[in-house]
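Below are my notes on the model you sent. Please read them against the coordinates.

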Amino acid sequence: MSATKARQVVLAARPQGSPRLTDFRLEETLIPTPGAGQVLLRVEYLSLDPYMRGRMDDRESYATPTPLGAVMPGESVAIVTASNDPGYSEGDIVLAHTGWRTHALSDRSDLRKLDPAVAPVTTGLGVLGMPGFTAYGGLRVIGKPKPGETVVVAAASGPVGSLVGQLAKLSGARAVGIAGGPEKCAYVKDELGFDAAVDHKAADFAAKLAATCPDGIDVYFENVGGAVWQAVLPLLNKFARVPVSGLIAQYNAAGPGDGPDRLPATMRQILTKSLTIRGFINYEFAAEHYSAFLREVGAGIADGRIRYREDFVDGLEKAPEAFIGMLEGRNFGKLIVRVDESYPSSKKP
Ligand SMILES: NC(=O)c1ccc[n+]([C@@H]2O[C@H](COP(=O)([O-])OP(=O)(O)OC[C@H]3O[C@@H](n4cnc5c(N)ncnc54)[C@H](OP(=O)(O)O)[C@@H]3O)[C@@H](O)[C@H]2O)c1
C-alpha cells in the first residue's frame, strides 16, 4: 500500500439472502488530515461480527442501516499516527469504531486506550470486548445460572459462546456447547472445558442434545435460532431462562419462510413452563456491569481460567470473503482481519 493512500470497503449493494462479494467494493482514498481536536488512526486489526449482516439490510432494527456507498461499520484496534488532542499521543493503541478501512479520523468520543501489557490488544475485539461483554451481561443479568444447573449455548467456539460456557462452569453449572463439526466440538470440550459438546450438523442432533441434557436445560443462551432452537425448546425446564443474544441462523433469510407457524406451540411452552425469554443488546448492561466484566474476565485470562481463540485473516481486501464465511460457520474463533500487513510481525499475536 502506498504511504499516501488509504483503502476502505463500502457497501455496494444490499444482499438478497446470503451476501456476495459483489455486495462490497474496495476503494482507494487519500489519507485524511486531522482537524482541531482530532486524531488520525491507522487500523491494525478489524473485527468482523455477525451484527454487520443486519446493517447491510434496509430494515428497522436497533441500529441504523449502513447507507449504500458508505464504509462498512466495525470496531478495530488502531494506532494513533497524528494527534491534535492533548489526551492522545502518536503511538497510542486504541479501540475505535473506524469501520472497514485502513485509516480514520476520530474526535476521541469513540476511543478507548488499550494497554498491551495487560492483555494482547486483539482481546479488546473479542473476549475482553463487545462479544465477551455480551456473554457476561446476558448470562449474569438474564441467565443467572445456579450451581448444578445445565447451561446450553450454540456457536460455542466463537467469542460469545465460548465465554458463556466458561462463565457457566465458573458459576458451578454444567456447560453444554453446540458447535458445527467435530473439530469445533473437540475444542469446546477439551480446550475450553465444557462438560459436553454436540455437533448441530449431525443428522441425529436433536436426539444427541436430549441425551446430553438428561436433567433438561435451565439456561439456554440463544445465539443462533433456527433448527437449534427447535431442538432446545422441548428440553427447557420449568422456570428456564433464555437470554436471546443473536439469531445468526436467520440473518441471511430473505423472507419469513414457508414452514409451519410454530408460534402458538412456542407460546404454550412459554406459558406452561413459566419460561423467561428476554432479548438484549450488550450495551444495555454496560453502565452497571462493564467494569466488573473487565476486572473478572481480565483476571480469568491472566490466570488461565478463561481461554479464547482468535482466527486471523490477512489484508483488508479479504474482509468480505471472511465475513461471508463467518455467516456460514467457516471461522474458528474470534474473526479478526490483520489490516496493516506492514505491522511488524514480531508484534503480531
Ligand atoms: N445481543 C448482542 O449484543 C450481541 C453482541 C455480539 C454478538 N451477538 C450475537 O451472538 C452470536 C454469536 O456471535 P459471535 O461473534 O460469537 O460469532 P461467532 O461464533 O464467531 O460466529 C458465528 C458462528 O455462528 C454459527 N452459526 C452460523 N450459522 C449457524 C446455524 N445456521 N446454526 C447454528 N450455528 C450457526 C457458526 O458456528 P458453528 O460452526 O459452530 O455452527 C459461526 O462460526 C451471533 O448471533 C451474534 O449476532 C449478539
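Predicted model: local features only at pLDDT ≥ 70, side-chain atom pairs only at ≥ 80, totals over all residues.

1. Residues are numbered from 1 along each chain as its sequence is written, and side-chain values use heavy atoms, with hydrogens and water left out.

2. The ligand is surrounded by 26 residues, the closest being Lys 184, His 200, Asn 223, Tyr 251 and Asn 331 (a heavy atom within 4 Å). By class, this shell holds 15 nonpolar, ten polar and one charged residues.

3. Ligand oxygen atoms lie 2.6 Å from a side-chain N or O atom of Asn 331, 2.7 Å from one of Tyr 251 and 2.8 Å from a polar backbone atom of Gly 180. Alone, the ligand exposes 910 Å², of which the protein buries 91% (Shrake-Rupley, 1.4 Å probe).

4. In the largest nonpolar core, of 34 residues, Leu 139, Leu 163, Val 164 and Val 297 touch the most other members. Such a core is a set of buried Ala, Val, Leu, Ile, Met, Phe, Trp, Tyr and Cys residues joined through side-chain atoms within 4.5 Å, where buried means under 20% relative accessible area (1.4 Å probe, protein chains only). Apart from this core lies another, of 29 residues, among them Ala 78 and Val 337.

5. Is Pro 214 buried or exposed? Pro 214 is exposed, at 63% relative accessible area (the cut-off is over 50%). Its C-alpha atom is 41 Å from that of Met 56.

Conventions: Polar contact = N/O pair within 3.5 Å; in protein donor to acceptor, adjacent residues only side chain to side chain. Nonpolar A, V, L, I, M, F, W, Y, C, P; charged D, E, K, R; others polar.
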